[in-house]
Structure formats: structure tokens, C-alpha cells
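Me: I'm new to this structure and would like a close look at just one part of it. Here is what I'm looking at.

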Amino acid sequence: MDNVELLMNFGLTRQEARIYLLLLTEGALSGYEAAKRIGISRSNSYAALAGLVEKGAAFVAQEQSVKYHAVAVKEFCKNKLHYLEELSVHLVNQIPERTKRDESYLTIRGRRHVEDKFRTMLNETRERVYLSVSPKVAELFRPELSALTKEGKKVVLITKAPYQLDGAIVYGTERNDGQIRLITDSCYALTGEMPEERDSTCLYSENPNLVRLLKDALANEIKLIQMEEKGQE
């Protein structure tokens with residue numbers, strides 16, 4: 001992503017993001033100056049600047065002519081995240097939880113969405129986690145996995161040897177593909193691919209049949225590793 005697209009994730013429109021970047025690099029500008037710099041109409045420029053002021057990304061200075069000053073990007077992002085965190089607390093408290101389990105098979109596409117689901121499952125784990133992933137994927141979620149072991153929760157990890165994770169039961173294997181398999185609390189399952197060079201697609205479900213199937217697959221993988229280790233002794 002370029003900087004414009006990154007800023008759009010913080011609620012700015014494409015035009016607002018372009019003008020915000022202009023203010024950050026060139027300093028305070030009037031609506032006319034901003035329009036001239038990026039080649040848009042004055043009406044669009046003033047509309048975008050008004051949007052930046054409303055969203056906390058710019059301030060207005062009453063000088064000889066009205067000029068707009070950018071809020072530092074770190075300050076803008078921090079304020080936005082703080083505001084969203086407050087909103088999330090209200091939403092969680094006000095919106096009722098599901099009354100029954102959804103046992104549908106859900107397809108999750110996109111690397112970021114797969115990572116988000118993986119991280120959410122780990123953060124919501126109550127007792128135990130079983131997962132089979134590559135070392136790079138394990139490293140990506142090391143903070144969450146380490147937090148689970150420190151809380152006394154069981155973490156069983158199958159990954160390419162050698163790999164260390166304090167407090168976890170780690171089974172080393174020579175296999176190292178893009179496959180991921182994750183079970184939390186014997187209730188939630190995520191399986192699919194998280195390759196490095198192309199997009200990810202995974203299947204998520206709370207369906208007991210998928211959970212059982214994945215548990216059996218992981219158990220068989222552990223047995224195979226143990227057999228291989230005995231054969232090398």
C-alpha cells in the first residue's frame with residue numbers, strides 16, 4: 001500500500017489523504033494553494049480540507065488568509081485509534097452476544113483477514129491451543145502464544161525444527177509448507193493456507209465434525225513425529 005491507501009484506513013477519503021500528505025510535506029496551505037498543487041477544483045479542495053478538520057487531521061489558522069495546518073501523523077493516528085477503542089467498548093457492551101453457536105463453514109480470504117481471525121482465536125482462548133504452522137507463522141503470533149503460556153494455558157505447537165517457545169509443548173518436524181491448522185478449546189477450528197508469496201484462504205468453523213477431523217489430523221501428525229524420533233535413537 002502507498003501512503004494514501006494507508007491513510008484511507010484511518011477514515012480519510014482519497015482526496016483528503018492526498019491533501020493531508022501535501023500539508024505534511026509543504027506546511028500550511030490555503031484551499032486555493034492546495035487545489036493548485038494537486039490539480040483539483042477549489043470546491044473539491046475546500047471540501048477535502050473541511051473533511052480533514054472535521055476528522056482531526058488538520059487545524060485552521062486565521063492569518064491574513066485562512067490556511068490549514070496538518071496535525072502530526074503520529075498524533076492523528078493515535079487520536080483516531082483512541083476514539084475507535086472507546087467506540088468499540090460501547091459496541092461490545094450494547095450489542096447482545098449470539099444465543100447459539102454458528103456451526104457454518106466460513107471461508108476467510110485475504111492474508112490480513114486470516115491473520116486477524118488467527119489472532120482473535122488465540123486472544124479468546126480459555127484453556128488450550130493446538131496448532132501446526134511454519135516457524136514464520138509461529139513467530140508472527142509469538143506475543144499471543146507467549147501470553148497464553150504465561151497464563152498457564154496449554155499450547156501444543158507443531159512446526160519445523162528447531163523452534164523454541166517457552167512454556168509450550170513443541171514438536172519439531174521437517175515439513176514446512178504453507179498449511180495452517182489451529183484448534184482452540186476443542187471448539188473452534190481454522191485450517192487452510194498462509195503462503196508467503198500469494199493470498200491466503202482458510203476455512204473457519206465451530207462445527208464439531210471439522211474440529212474432530214482436525215484434532216485427529218494433528219494427533220496423527222504428532223504420532224508420526226514421535227515415531228520418527230524413536231527411529232533416530
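Which residue in E6 is the bridge partner of valine 156? Please walk me through the surroundings too.

Reply: Your residue's bridge partner in E6 is isoleucine 169. Before going further, keep in mind that this is a predicted model. The chain has a mean pLDDT of 90, with 94% of its residues at 70 or more.

Let's start with the two strands themselves. Strand E5 covers residues 154–160, and it pairs with E6 in the parallel sense over 5 bridges. Another pair across these two strands is leucine 157, which stands opposite valine 170 in E6.

Now look to the other neighbour of E5. E4 and E5 also run parallel, and 5 bridges join them. Here valine 156 turns up again, this time with tyrosine 130 standing opposite. So how much of E5 is covered? Mostly, it is: 5 of the 7 residues in E5 are buried.

Zooming out, these strands belong to an open sheet of 7 strands, in the order E3-E9-E8-E7-E4-E5-E6, with mixed pairing. As a bit of background, strands of a sheet pair through backbone hydrogen bonds, either parallel or antiparallel. E6 (169–173) is an edge strand, and so is E3 (105–109); each of them pairs on one side only. From one strand to the next, the twist averages 15°.

What packs on this sheet? Helix H6, residues 111–123, does, and it touches E3, E4 (128–132), E7 (179–184), E8 (188–193) and E9 (201–205). The direction of H6 makes about 30° with that of E7.

H6 has a helix partner as well. H6 and H8 pack with their axes 10 Å apart, at an angle of about 10°. Since angles under 35 degrees count as roughly parallel, that is what H6 is to H8. On the H6 side, Arg119, Leu122 and Asn123 make the meeting, and from H8 come Glu144, Leu145 and Leu148. H8 (residues 142–150) is also where confidence is highest, at a mean of 96, while helix H9 (residues 208–232) has the lowest, at 86.

Cysteine 187 is in none, and the nearest cysteine sulfur, belonging to cysteine 202, is 19 Å away. Cysteine 202 counts as buried because its relative accessibility is 3%.

Technical notes. Residues are numbered from 1 along each chain as its sequence is written. This is a predicted model: local features need pLDDT of at least 70, side-chain atom pairs count only at pLDDT 80 or more; totals for chains, interfaces and linings use all residues. Side-chain values use heavy atoms; hydrogens and water are left out. pLDDT is the predictor's confidence in each residue, from 0 to 100. Helices (H or I, at least four residues) and strands (E, at least two) are DSSP runs, numbered from the N terminus. A disulfide is a pair of cysteine sulfur atoms within 2.5 Å. Buried means under 20% relative accessible area, exposed over 50%, partly exposed in between (1.4 Å probe, protein chains only). Two strands pair if DSSP finds at least two bridges between them. Axes are lines fitted to C-alpha atoms, for helices over the stretch in contact, and angles run from 0 to 180 degrees between N-to-C directions. Contact means heavy atoms within 4.5 Å. Angles under 35 degrees count as roughly parallel, over 145 as roughly antiparallel, 65 to 115 as roughly perpendicular and the rest as oblique.
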